[in-house]
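Subject: A structure for you to look at

Hello,

I am passing on the structure we talked about, together with some notes on what turned up in it. Please have it open while you read.

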Amino acid sequence: IPLESEDDKIRVYLLGTIAHEIIHRYQPSLSIETINKYDSIVEEENIPERKKYVSEYVVKHHEIYGNDKNTVLLEDMSEAVRIYVTNYSYLKKNYPYRLEFIEETFPFIKKDGATESILN
């Protein structure tokens, strides 16, 4: 969904960041099986044509900040949700298993919800 103004882009970014942080609040209640499932998805979607992690933010957590595997995994999940609500088509094209995981695990989240809320 194209955004025309810089203000709209900033609003969508901020709403995406809020979605990212909300998922962090849900993560402690996720079962170990759910976390392991997400870990398997990250590994399955790790192909040479693109980066393993869903965003540069997650890459920084892995490569620069040196966070442990679990922290990186939870950041990747939160970032995947951020992208789901801001740029669904990107996630669908590049990380379809993460997209499916989000739809199964967090059915209350609306695809492109942040973007649509700004445009409507």
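Leaving aside its neighbours within four places in sequence, which residues is Gln 27 in contact with? Before the answer, please keep in mind that this is a predicted model.

Gln 27 sits in the loop between helix H1 (6–26) and H2. The residues that Gln 27 contacts, once neighbours within four places in sequence are set aside, are Leu 74, Met 77 and Ser 78. With a relative accessible area of 6%, Gln 27 is buried, because anything under 20% counts as such.

Now for the helix pairs. Helix H3 (residues 56–63) packs with helix H4 (residues 69–86) at an angle of about 175°, and their axes are 9 Å apart. Angles over 145 degrees count as roughly antiparallel, so that is how H3 and H4 run relative to each other. On the H3 side the meeting residues are Tyr 57, Val 58, His 61 and His 62, and on the H4 side they are Val 72, Glu 75, Asp 76 and Glu 79. Sorted by class, this contact of H3 with H4 has three nonpolar, two polar and three charged residues.

Which residues of H3 are buried? They are Val 58, Val 59 and His 61. Looking down the axis of H3, you will find its buried residues within an arc of 160°, so they line one face of the helix. The buried residues of H3 pack against H4.

The other pair to look at is helix H2 (residues 32–44) with H6, where the axes come within 9 Å and cross at roughly 160°. H2 and H6 are therefore roughly antiparallel to each other too, and the crossing of H2 past H6 is right-handed. H2 contributes Thr 34, Lys 37, Tyr 38, Ile 41, Val 42 and Glu 44 to the contact, while H6 contributes Tyr 97, Arg 98, Phe 101, Glu 104 and Thr 105. By class, the contact of H2 with H6 has five nonpolar, two polar and four charged residues.

Staying with H6, have a look at Leu 99, which is in this helix (residues 96–105). Is Leu 99 buried or exposed? Its relative accessible area is 7%, so Leu 99 is buried. Apart from neighbours within four places in sequence, Leu 99 is in contact with Tyr 84, Tyr 88, Leu 91 and Lys 92. One of these, Tyr 88, is eleven residues from Leu 99 in sequence, and the two are 8.3 Å apart in space, C-alpha to C-alpha.

Lys 110 is in the loop between H6 and helix H7 (113–119). At a relative accessible area of 53%, Lys 110 is exposed, because the cut-off for that is over 50%. Not counting residues up to four places away in sequence, Lys 110 touches Tyr 84, Val 85 and Glu 116. Between Lys 110 and Gln 27 there are 18 Å in space, C-alpha to C-alpha, and the two are 83 residues apart in sequence.

Asp 112 also lies in the loop between H6 and H7, but Asp 112 counts as buried, at 11% relative accessibility. Most residues other than glycine have a negative phi. Asp 112 is not a glycine, yet its phi is positive, about 55°.

Note on methods
Residues are numbered from 1 along each chain as its sequence is written. This is a predicted model: local features need pLDDT of at least 70, side-chain atom pairs count only at pLDDT 80 or more; totals for chains, interfaces and linings use all residues. Side-chain values use heavy atoms; hydrogens and water are left out. Helices (H or I, at least four residues) and strands (E, at least two) are DSSP runs, numbered from the N terminus. Buried means under 20% relative accessible area, exposed over 50%, partly exposed in between (1.4 Å probe, protein chains only). Contact means heavy atoms within 4.5 Å. Axes are lines fitted to C-alpha atoms, for helices over the stretch in contact, and angles run from 0 to 180 degrees between N-to-C directions. Angles under 35 degrees count as roughly parallel, over 145 as roughly antiparallel, 65 to 115 as roughly perpendicular and the rest as oblique. Ala, Val, Leu, Ile, Met, Phe, Trp, Tyr, Cys and Pro count as nonpolar, Asp, Glu, Lys and Arg as charged, and the others, Gly among them, as polar. The arc is that of the directions from the helix axis to the C-beta atoms. A crossing is left-handed if the near helix is turned anticlockwise from the far one by less than a right angle, and right-handed if clockwise.
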